[in-house]
Amino acid sequence: MAKVKKAQSKKVRVIEDVSGSTESRRLKGGKPEVLEPRIVRGAGMIEAPQDEFIEAPRPTPKLPGLDVLRGFAVVTMLITHVWIVLFWMSDNPVGKSLSYFGGFISFTIFLMVSGFLIGLRYKTLNFASIVKRSVIILIVYLILAIVYLVPREQEFRSLLKTPIYLQEYLLTLAFFPILGYIAVWILNKLTFVKNILKHQTGAFYVIILGIAGVLIGKFAAGFTQDLALSLLIGSQSLHTFPIVSYGIVFGVGAWLGWSKREESPKEFMRESLIFTLLSAAIMFVSIPFENISLMTLNLDAIRWPPTLFFIFSSLTVAILLLIVAMQSEVHMQKFIPRALGFLGKNSLQFVVVHLLILYMIEPFAGISFSTGNMFKVVLAEMNGILKQDEKILSNIDSTFVNQQEWPFAGSKVAVMSQETPYQKGDYHVEVRPDEIGTNLAGQDVTVYVSQAQQPFIKMDHKVSLTKGAEYFVSFSLPDNTTAIAVSFNENVALPDRGTLEQQISNPGSASGALLTKINKEFGEWMHRGYSIEGRKWVILSTDKEKDGTVKAFLPFSCAEQRLLEAKQFRVEYYDLQNKVQKPECKDLSSVQNIPVVEGRAYSYAELPFSADGFKDKPGKQEVSYRLVLATDEENKEYAIKHTFFVTHPYYLVWSLDWDGFAVTTKTMETLDQIRSSNPHMKITHMLNPRSWNSSQVARSNGQAQAKFVKDRADQFGDEVALHLHMFRDMLSLAGVTVNEEAGWSNRADGYDVPLTRYGYEDSRKMFKWAIAEFKKIGLPAPVSFRAGGWFANLDNLRAAKDEGLLIDTSGRNRYTSRSFGSGPGVTGPWELSTTQQPYWISPSNQNRSTNKAASIGLYEMPNNGADSWAHSTQHMIQRFKDIHNGDALGAPKVVVFLSHPDFFNTEGPKIDTVLWYTRYFSGYNDGGPLIYTTLKEYYMNYAK
């Protein structure tokens with residue numbers, strides 16, 4: 001007998017007879033040519049010159065042991081899923097151990113068998129059948145997902161954001177065979193790689209690639225919460241089985257399948273033992289490397305994302321089980337192997353059936369967790385003793401009873417936990433307050449730690465502020481720390497000024513390793529249900545006093561609320577005015593920036609918030625919202641307090657003295673950059689018209705200054721104001737005779753000559769000329785004024801008023817020019833306190849206040865925040881602190897800072913830091929009463 005096969009690409013004939021002798025002839029011009037073959041890899045396998053022969057195919061061996069192994073994986077997976085859904089609160093050690101083992105090994109077995117089959121059938125792989133199998137798995141995933149999502153009223157788009165509960169592994173299992181086929185196809189093209197793998201050290205190279213994949217996955221998992229990307233590299237918040245990390249499992253399975261097919265020279269048992277020893281070695285080495293504690297090993301902590309210990313320990317066990325399964329083939333007629341084999345052959349069907357059943361049971365079991373004895377509750381439910389609505393009410397009652405036991409200071413808590421203790425040392429977390437609705441200054445943060453599952457204790461911590469939209473919370477972890485809770489308090493007053501100054505003195509400094517980022521994508525929140533989250537500061541006389549809403553986080557789901565309503569319960573909410581409300585119930589999962597740990601809170605309602613009844617009561621206010629669940633027979637009422645602060649504004653004016661010198665384009669760009677970091681900022685620009693009327697300043701530069709100011713006034717509501725230094729060329733244009741006395745710095749241009757050397761009439765001439773110059777260049781007529789060097793006396797101030805100016809901001813504390821000049825000392829006319837607030841100037845003394853009718857008609861808004869030329873950052877911050885001590889304000893206050901664009905290379909960094917400091921009290925961030933304004937705007941609101 002002989003078998004004949006004709007090659008398609010060349011005229012090749014292979015003849016094989018039962019004796020094993022083989023003849024091959026190439027037909028060349030009708031003349032046969034005899035080639036001597038040699039047998040390699042057993043009967044039917046021949047090696048010939050390149051491109052001369054095609055291997056005779058051999059059938060794929062049937063291995064019933066693989067079905068036994070898959071059946072074992074099905075059983076362990078079933079145990080794990082049933083335990084997670086129905087018996088999670090149980091302390092039964094047998095059940096917990098079996099569940100742990102199933103979660104530890106079942107997916108690894110499925111994936112290794114999938115790879116084994118790819119390796120076993122690599123000569124007869126059919127891409128279409130592989131794709132078909134993968135599509136079937138994906139369809140199964142989609143159908144199960146719909147069954148899961150519909151009764152829970154979750155949006156289908158969540159399919160694209162997070163894996164579906166209990167079936168996460170199906171996504172990865174669908175893609176690996178396709179990737180395996182592609183890998184085999186590539187290897188067939190890369191002969192040199194095949195030769196490397198065929199070498200005796202090939203297994204070591206595979207293990208090294210596997211280690212690299214796991215480490216890459218661990219590192220990259222901290223940077224993604226995207227579902228597609230997490231399937232590839234993993235995620236710390238999404239429970240996926242990343243392809244990069246699990247590639248070694250599939251690869252080892254494929255290798256063993258290949259060796260089982262070839263048998264010689266790669267014998268299956270030898271290869272299995274090699275991989276078992278290598279995997280076990282990596283497992284033991286990883287224990288100290290990854291700080292694994294075998295006594296307190298938590299599966300979630302080592303599996304999401306997978307660690308070296310998890311991958312290689314589960315791989316070791318899976319290979320050993322594969323060997324046992326292969327050996328069990330001789331016992332296939334016995335009951336247990338037959339039963340496991342049946343489960344293995346129909347594994348996908350069993351996956352579908354058991355998940356459908358669990359998805360229908362899980363909502364009812366989930367409610368029962370809070371009872372503490374779920375099994376009894378399930379029995380009671382089956383016997384009709386405990387009704388569904390009674391369970392919901394019991395759950396809500398339990399929530400309110402346990403409110404006093406909540407161990408954290410606030411209702412919003414970010415939790416990082418694992419049973420494997422964290423390594424002792426310094427850590428920090430990065431917080432994005434604007435994304436999670438917390439205090440910008442980090443003043444609402446409290447840190448707790450738990451050691452070896454013990455009660456939480458409060459820890460010392462440090463907050464470091466940055467010039468970005470985040471801050472850092474740093475702390476030291478003691479030995480055996482297994483959980484860290486970062487709590488964000490509900491009710492926070494203004495930060496302590498001294499502490500905050502220290503925080504900002506080293507912006508961005510954070511000690512220790514980065515533990516996590518707490519932002520809108522953070523996945524481990526706990527909310528105390530029932531809690532209120534909403535505005536903390538009500539700022540009177542601004543748009544911040546307008547009505548709004550607060551979120552009430554509820555201890556039941558929207559589906560449960562509808563069930564209560566179907567049972568004739570009235571679910572009512574009462575606002576601060578004791579008016580009944582019927583807000584829409586919203587699932588908490590729809591709040592993009594506030595994830596939640598299941599079981600802590602299920603939904604939320606938006607309730608109206610109005611401070612109408614508190615506008616005459618500045619200070620801390622504590623009020624209650626109420627939740628009422630009532631029927632005709634009974635009434636259950638639950639209250640929760642909401643604390644907020646009613647305050648008048650603390651205004652900030654940043655004034656710029658454009659002295660009359662040239663100002664660079666870079667300075668103007670820097671001013672815009674500072675504004676971009678303080679988007680609600682309004683600036684008072686105090687221009688000296690000398691800048692576009694002097695031969696000492698390029699006319700184009702002076703006009704550019706004026707255009708810059710006008711554009712910002714039009715775009716941002718900045719104020720255009722007047723600032724005068726007594727430049728000689730300017731005085732000539734104004735028709736004023738120059739005073740020849742030396743100024744405070746002996747300058748020749750007159751910049752340093754005090755305005756106080758000029759009387760009422762000369763002052764009027766200067767003001768008249770300056771205002772006309774503003775109009776000539778297209779600027780609005782100014783209403784605010786500051787004298788150069790703050791030198792303005794009553795004659796100067798009356799002249800300003802008589803030329804139409806309304807506000808002076810030259811006032812300050814006692815000073816002499818010795819503090820900023822090198823020439824003859826000149827004593828200033830002002831003697832105000834450093835905290836002086838605006839006032840109407842008395843006609844008898846410019847340092848005294850009076851009422852508007854008795855005043856000279858000019859409103860003084862002192863430069864009480866100091867200037868960034870002569871004063872340090874710390875000094876200006878201290879002025880800010882002195883004016884407002886941090887309490888809610890019974891009356892408005894204002895701080896006026898001063899900077900000079902002419903000297904912004906040195907002043908810019910200082911004032912930038914000052915403004916960043918003040919930003920942490922901003923009413924725009926609900927951090928305090930601070931509101932940006934201008935001199936003119938303040939005058940219009942308060943100069944009565």
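**Strands, sheets and a nonpolar patch**

Visitor: In β27, which residue is the bridge partner of L687?

Guide: L722 of β27 is the bridge partner of L687. The model is predicted, so local features need pLDDT of at least 70 and side-chain atom pairs count only at pLDDT 80 or more, whereas totals for chains, interfaces and linings use all residues. Residues are numbered from 1 along each chain as its sequence is written, and side-chain values use heavy atoms, leaving out hydrogens and water.

Visitor: What makes β26 and β27 a pair?

Guide: Strands pair if DSSP finds at least two bridges between them. Strand β26 (residues 683–687) and β27 have four bridges, in the parallel sense, and therefore meet the criterion of pairing. Strands themselves are DSSP runs of E with at least two residues, helices are runs of H or I with at least four, and both are numbered from the N terminus.

Visitor: What is the hand of the β-α-β crossover from β26 to β27?

Guide: The path through helix α20 (residues 699–716) is right-handed. That name applies if, with the strands pointing away from the viewer, the path from the first strand over the helix to the second runs clockwise.

Visitor: Which strand pairs with β27 over three bridges?

Guide: Strand β28 (residues 784–787) does, in the parallel sense. F785 in β28 is the bridge partner of L722.

Visitor: Why is strand β27 called largely enclosed?

Guide: Buried means under 20% relative accessible area, exposed over 50%, and partly exposed in between (1.4 Å probe, protein chains only). Six of the six residues of β27 (residues 719–724) are buried, so the strand is largely enclosed by the rest of the structure. E719, A721 and H723 point one way, V720, L722 and L724 the other, and all are buried.

Visitor: Why are I186 and L320 called partly exposed?

Guide: I186, in helix α4, has 36% relative accessibility and therefore counts as partly exposed. L320, in helix α11 (residues 308–327), counts as partly exposed because its value is 40%.

Visitor: What makes the group that includes I186 a nonpolar surface patch?

Guide: Patch residues have over 30% relative accessible area and no salt bridge; nonpolar side chains (Val, Leu, Ile, Met, Phe, Trp, Tyr) are joined within 5 Å, like charges within 9 Å. A salt bridge is a side-chain nitrogen of Lys or Arg within 4 Å of a carboxyl oxygen of Asp or Glu. The patch covers about 1,000 Å², and among its residues are F127, W185, I186 and Y205. α4 (169–189), α5 (191–198) and α6 (202–220) each give two or more residues, and α4 gives the most, with five.

Visitor: Why are β10 and β15 said to stand at the edges?

Guide: The open sheet of five strands has the order β10-β9-β13-β7-β15, with antiparallel pairing. β10 (457–459) and β15 (525–527) each have a single partner strand, so one side of each is left without a neighbour in the sheet. Strand β9 (residues 445–451) and strand β13 (residues 481–488) pair over seven bridges, and A483 in β13 is the bridge partner of S450.

Visitor: What is the order of the open sheet of four strands?

Guide: The order is β11-β12-β8-β14, with mixed pairing. Its edge strands, β11 (462–465) and β14 (513–518), each pair on one side only. Strand β8 (residues 425–431) and strand β12 (residues 471–477) run antiparallel, joined by seven bridges.

Terms used. Areas by Shrake-Rupley, 256 points an atom, 1.4 Å probe, with all protein chains shown as cover.
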